[in-house]
Amino acid sequence: MDFSLTEEQKLIQQAARDFAQNELLPGVIDRDEKQEFPKQEVQKMAELGFLGMMVDPKYGGSGLDTLSYVLVMEELSKVDASSSVIVSVNNSLVCWGLENFGTEEQKEKYLTRLATGEIIGAFCLSEPEAGSDATSQKTTAIDKGDHYVLNGTKNWITNGGTAGVYLVIAQTDKEKKHRGINALIVEKGTPGFEIGPKENKLGIRGSDTHSLIFNDVKVPKENRIGDDGFGFKFAMKTLSGGRIGIAAQALGIAAGAYELALKYSKERKAFGTEISNHQAIAFKLADMHTSIQAARLLVYQAAKDKDNGSNYDVSGAMAKLYASKVAMETAIEAVQIHGGNGFVKDYHVERLMRDAKITQIYEGTSEIQKIVISRSILK
């Protein structure tokens, strides 16, 4: 297997690295502290083409492959996972779903604006009683002929307060269970659509996470994605690709924590020498480096599978499961290597540790990834 990068991919990777270090890093601690959405930074990422990376250029996208997207996600996540999750949701869950399953009219009306960053999107699946069990949708979309009437609540929605377009998964026919679910495009400002309070989160505090409330919201029939009853399949297909983006985010968090720990270990002295010269620290670094490289290969393989048109359900699940585990373990060890300084915000690693945890939860918990993997190998 050859995962060597093309010259174009190397340039994209370097552009993302430069942007992360020069634009995201200076204000990242302050944004985390204040739970401040990175509005200016998102606009700059849009100008770089990071919000519609895999979208066809005819819809305003960059027309790049999944591996290029993964490279950008990794570099952004080394510094600011709050910004990278905005990129992930817009690319993987919103733009990809619309481009692959939307009508031409939907693409012209919404996809171009999303790909260019004129607006950003949100993907609305989770509910108070429907997180991992996505079939248990309580939000309803009642068919009224030429429109649907939407009622219900969505929880933990990334870009919830700042999005202009929301892809909402809702139940139309309970008797049909998951075959009675639809995916609807809802515009911000539609009467009856309310945005709840911003969540006060452990990590990714700069990202915009809200509950959404729908009270008799009228959604035109032309805003349904796919045929009647396609919503659940749409959500699952979209999430399969989204897991690759979150796996890349986890990889970036792990790599960022490792790079900080490695640098610190060469500067900090104890017992008359740099702590990197002590075997206890050197072995930690060796384990971190090895785990990160293994995670990187899994993430690259999933991206390649997607680009080659192969089934990436399992490779994406494995990448997310393992990379998120490595992110959590590496960030914890990075804090440990920093000692007391690791507990201080100025050194960044405590934030990376807090950010790492969500990668084991959203877009399918680690337990859900194990279900996907085990079902495949037990067939």
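The legends below describe close-up views of pockets, a cavity, a helix and salt bridges in a predicted model.

In this predicted model, local features need pLDDT of at least 70 and side-chain atom pairs count only at pLDDT 80 or more, while totals for chains, interfaces and linings use all residues. Residues are numbered from 1 along each chain as its sequence is written, and side-chain values use heavy atoms, with hydrogens and water left out.

View 1. The largest pocket holds about 1,600 Å³ of space. A pocket is an open set of points on a 1 Å grid over the protein atoms alone, with protein on both sides within 12 Å along at least five of seven lines; a cavity is a set of points where a 1.4 Å probe fits but cannot get out, and lining residues have an atom within 4 Å of a point. Grid points are joined across faces, edges and corners, and a volume is the space filled by probe spheres set on the points. The lining has 50 residues, and those closest to the pocket centre are Leu239, Arg243, Glu363, Gly364 and Ile368. At least two lining residues come from each of helix H5 (81–101), strand E3 (147–158), helix H7 (231–267), helix H9 (313–338), helix H10 (349–358) and helix H11 (366–378). Helices (H or I, at least four residues) and strands (E, at least two) are DSSP runs, numbered from the N terminus. H7 makes the largest contribution to this lining, with 7 residues. The lining comprises 23 nonpolar, 14 polar and 13 charged residues, where Ala, Val, Leu, Ile, Met, Phe, Trp, Tyr, Cys and Pro count as nonpolar, Asp, Glu, Lys and Arg as charged, and the others, Gly among them, as polar.

**View 2. The second largest pocket.** This pocket contains about 320 Å³ of space. It is lined by 16 residues, of which Gly256, Glu259, Leu260, Lys263 and His348 are the closest to its centre. Helix H4 (66–79), H7 and H10 are the elements that give two or more residues to the lining. H7 again gives the most to the lining, here with 6 residues. By class, the lining of the second largest pocket has 6 nonpolar, 4 polar and 6 charged residues.

**View 3. The salt bridge between Lys78 and Glu259.** The closest N and O atoms of Lys78 and Glu259 are 3.0 Å apart; a salt bridge is a side-chain nitrogen of Lys or Arg within 4 Å of a carboxyl oxygen of Asp or Glu. Lys78 belongs to helix H4 and Glu259 to helix H7, so this pair links parts of the chain 181 residues apart. Lys78 is buried, at 12% relative accessible area, whereas Glu259 is partly exposed, at 40%. Buried means under 20% relative accessible area, exposed over 50%, and partly exposed in between (1.4 Å probe, protein chains only). The structure holds 22 salt bridges.

**View 4. Helix H10 and what covers it.** Of the 10 residues of H10, 7 are buried: Val349, Glu350, Arg351, Leu352, Arg354, Asp355 and Ala356. The elements covering these buried residues include helix H2 (28–34), H4, H5, H7 and H9, with contact taken as heavy atoms within 4.5 Å. Glu350 and Arg354 are also part of a salt-bridge network with Asp32, Glu33 and Lys345.

View 5. The structure has 3 cavities of 30 Å³ or more, and about 60 Å³ of space lies in the largest cavity. Its lining consists of Val28, Arg31, Asp32, Glu36, Pro38, Asp80, Ser82, Ser83, Arg205, Gly206, Arg351 and Asp355. H2, H5 and H10 each supply at least two of the lining residues, and H2 gives the most, with 3 residues. The lining divides into 2 nonpolar, 3 polar and 7 charged residues. Two of the lining residues, Asp80 and Arg31, form a salt bridge with their closest N and O atoms 2.9 Å apart. Asp80 lies in the loop between H4 and H5 and Arg31 in helix H2, 49 residues apart. Both residues, Asp80 and Arg31, are buried.

**View 6. The salt bridge between Lys109 and Glu187.** The closest N and O atoms of Lys109 and Glu187 lie 3.5 Å apart. Lys109 is in helix H6 (residues 104–116) and Glu187 in strand E5 (residues 181–187), so the pair ties together parts that are 78 residues apart in sequence. Lys109 is partly exposed, at 46% relative accessibility, and Glu187 is partly exposed, at 31%.
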